[in-house]
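Subject: Structure for your review

Dear colleague,

My notes on it follow directly after.

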Amino acid sequence: MKQKELYEIDEDGEFLHKTELIKKKEAELRKNYSFVDPKRKKNAETLIKRAAFMDISLLELESIINLKGYEEEYKNGANQYGTKKRSQVDTYNVMVKNHIACIKQLEDMMEKDRTSQETGDDLMEFLKTGK
């Protein structure tokens with residue numbers, strides 16, 4: 001699929017098919033984190049859904065910021081006006097931190113399970129061969 005087709009945006013920079021993009025991202029993350037212990041699967045699934053939403057939302061916010069810029073004009077009353085930081089910039093900054101934390105939790109969860117599996121494999125090898 002071409003990049004242009006994947007991220008169709010409207011005149012405001014928002015994604016037209018955001019729900020579909022999130023579902024595709026969830027499937028990609030499930031594949032990447034399929035090694036998670038079944039006992040942790042429910043927690044991992046929650047993190048995967050949050051990470052997918054944030055990933056696509058971050059792309060959408062980047063699109064909006066690229067289209068509209070970092071600042072916006074405001075007017076309060078007759079004589080009070082100027083420029084301020086666009087609200088999407090604050091949202092983007094907070095979401096980036098949360099997305100990183102979510103992915104880190106998934107990575108840590110998978111690393112613990114991978115280490116546990118490798119330790120179990122070593123034990124089985126020792127039991128079978130005595131070495």
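I begin with Leu29, which, apart from its neighbours within four places in sequence, is in contact with Ile48, Ala51 and Ala52. Please bear in mind throughout that this is a predicted model.

Leu29 also has a place in the largest nonpolar core, which has 20 residues. Together with Tyr33, Val36 and Leu106, Leu29 touches the most other members of that core. Helix 2 (18–32), helix 3 and helix 4 (87–129) are the elements that give two or more residues to this core. The greatest contribution is that of helix 3, with nine residues. As general background, nonpolar side chains in soluble globular proteins tend to be buried together.

Which residues of helix 2 are buried? They are Leu21, Ile22, Lys25, Glu26 and Leu29. Seen down the axis of helix 2, these buried residues fall within an arc of 140°, and therefore they line one face of the helix. On the face turned away from this buried side, helix 2 carries the exposed residues Lys23 and Lys31.

Is Asp55 buried or exposed? Its relative accessible area is 18%, and the cut-off for a buried residue is under 20%, so Asp55 counts as buried. Not counting residues up to four places away in sequence, Asp55 touches Lys25 and His99. Lys25 is itself one of the buried residues of helix 2.

The protein has four helices and two strands, and along the sequence they follow the pattern α-α-α-β-β-α. Of its 131 residues, 25% count as buried. The protein exposes about 9700 Å², of which carbon and sulfur atoms supply 51%. Among contacts with a separation of 6 or more, 59% are between residues 24 or more positions apart.

With kind regards

Terms used: Residues numbered from 1 in each chain as written. Predicted model: local features only at pLDDT ≥ 70, side-chain atom pairs only at ≥ 80, totals over all residues. Heavy atoms only, no water. Buried < 20%, exposed > 50% of the residue type's maximum accessible area, 1.4 Å probe, protein only. Contact = heavy atoms within 4.5 Å. Areas by Shrake-Rupley, 256 points an atom, 1.4 Å probe, with all protein chains shown as cover. Core = buried A, V, L, I, M, F, W, Y, C linked by side-chain atoms within 4.5 Å. Arc of directions from axis to C-beta.
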